Amino acid sequence: MKLIPADAPGHEQVVRIEDSESGLSGIIAVHSTQLGPAAGGLRMRPYDGFEAALEDALRLSRGMTFKNAAAGLPLGGGKAVIIGDPARDKSPEVLRAFGRAVEAMQGQYWTAEDMGMTPRDMAEIGTQTDYVAGLADGAYASGDPSPITARGIFNAIHTTARHRFGSADLTGRRVAIQGLGHVGLHLCRFLHGAGARLVVTDVSDAPIRQAVEMFGARAVATEAIYGAEADIFAPCAIGAILNETTIPQLQVSAVAGGANNQLATADDGRRLHERGILYAPDFVANGGGIINVATEILRIGNREIWVGEKLEALDDTMDRILTRARQLSVSPNDVAEAIVTERLQKAAA
C-alpha cells in the first residue's frame with residue numbers, strides 16, 4: 001500500500017491511498033485537529049478521477065471541522081473518500097485495506113459511515129483499526145447515524161419555519177426533499193408525521209416509490225426539484241447544489257436540509273439572502289449524525305441522554321444564528337461561520 005502526501009493548503013494532512021493488491025484508491029483528508037482528533041465519515045462514489053475526489057474530500061473535511069465545532073464536540077474535522085461504485089467495486093479486501101490506511105494515521109483520524117457505506121462495512125474496516133465508529137455491535141456501538149441525523153434536520157426545519165413563517169407548525173407546509181437515501185427517507189417519515197406535504201426526487205426509482213406509497217409524496221424529475229413550488233427545500237444528497245444556476249430557480253421561502261456543503265461558494269449564501277430565502281447552515285442542521293457517532297469515539301455511557309442534550313444545544317445554536325442574521329440583515333451562513341471561527345480561535349488561545 002502507498003500513502004502519498006497530497007498538497008492541500010489549509011489542511012493539516014492529506015494522503016492519497018493506492019493499494020494495487022485490493023484495488024483501493026482513495027483519500028484521507030484531515031482539515032483540523034485543533035479541537036481534538038479529526039472525525040468524519042467515509043464516502044464511496046464513482047468520482048470522475050482523482051482531482052474530483054480530492055475536491056470533495058477537501059470540502060467535506062473542512063465542513064466537518066465546522067460541524068463538530070458547531071455541535072460543541074471535542075473533535076476536529078476530517079473526511080475520507082474511496083473512488084469507485086459501491087455497488088460494484090466495494091469488497092472486503094478494499095475495506096480492510098482502507099482500515100490499514102486509517103490505522104497508519106495513528107489516531108489523527110476517526111472514520112465512520114457516510115454515503116455508500118453501512119455499519120457492516122465499518123465492522124470490516126474495524127478488523128484493521130480501532131479508529132472506526134458507527135459499528136452495530138460493541139460496548140459503545142452507535143450504529144447507523146441516519147435516524148439521528150434526520151432528527152436533527154427535522155429540528156432545524158422546525159426552527160427555520162418558526163423564523164421564516166412565524167410558526168414551527170409544519171401542518172400543510174410543503175417540503176421539497178432532494179435525495180432519499182437513509183437520511184432522506186427518515187426525514188420524510190418525521191415530516192409526514194408532522195403533517196407536512198412532500199415533494200421528492202432521487203436518482204433511484206425504488207426510494208421514490210417508497211416515499212410515494214408510504215408518505216403520499218409527489219415525485220418530480222431530478223432537475224425539476226429546484227423549481228418545485230414549496231415552502232422549504234431540504235437538500236439531502238450531494239453538495240454544491242446551491243449555486244448561481246440553481247438559486248434563481250428556487251420557488252421556496254427557506255432551505256434546510258441534510259446534504260453537506262450545500263453552498264457551492266460563500267457568495268451563494270448571500271445570493272439566497274438577497275432573494276429573501278432563509279438558509280439554515282448545513283453544518284449546523286445536519287450535526288445529529290456526528291453527535292451520534294461521537295458517543296462511540298468519546299465512550300459516552302448514557303448515549304440517549306447525551307445525544308438528546310447535544311441535539312437540543314445544536315438547535316439553540318441554530319436559533320441564535322438565525323436570530324443574529326435577521327438582526328444584522330446578513331446571510332445566516334456568514335453568521336454561522338463567524339461563530340465557529342470564534343470557537344476555534346478561543347481553542348487556539
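Trainee: How many residues line the largest pocket, and which lie nearest its centre?

Mentor: General idea to begin with: rolling a probe the size of a water molecule over the atoms shows where empty space is left. Here, 50 residues line the largest pocket, and Met 115, Gly 181, His 182, Cys 236 and Ala 237 lie nearest its centre. Pockets and cavities are sets of points on a 1 Å grid over the protein atoms alone: in a cavity a 1.4 Å probe fits but cannot get out, while a pocket is open, with protein on both sides within 12 Å along at least five of seven lines, and lining residues have an atom within 4 Å of a point.

Bear in mind that this is a predicted model, with local features needing pLDDT of at least 70 and side-chain atom pairs pLDDT 80 or more, whereas totals for chains, interfaces and linings use all residues. Numbering runs from 1 along each chain as its sequence is written, and side-chain values use heavy atoms, leaving out hydrogens and water.

Trainee: How much space lies in that largest pocket, and which element gives the largest share of its lining?

Mentor: About 1,300 Å³, where a volume is the space filled by probe spheres set on the points, joined across faces, edges and corners. Helix 5 (182-193) gives the largest share of the lining, four residues; helices here are DSSP runs of H or I, at least four residues, numbered from the N terminus.

Trainee: And how many cavities of 30 Å³ or more turn up?

Mentor: Two, in a search of the whole structure. The largest has about 60 Å³ of space, and among its lining residues are Gly 152, Val 284, Leu 311 and Asp 315. Helix 10 supplies the largest share of that lining, four residues.

Terms used. Helices (H or I, at least four residues) and strands (E, at least two) are DSSP runs, numbered from the N terminus.
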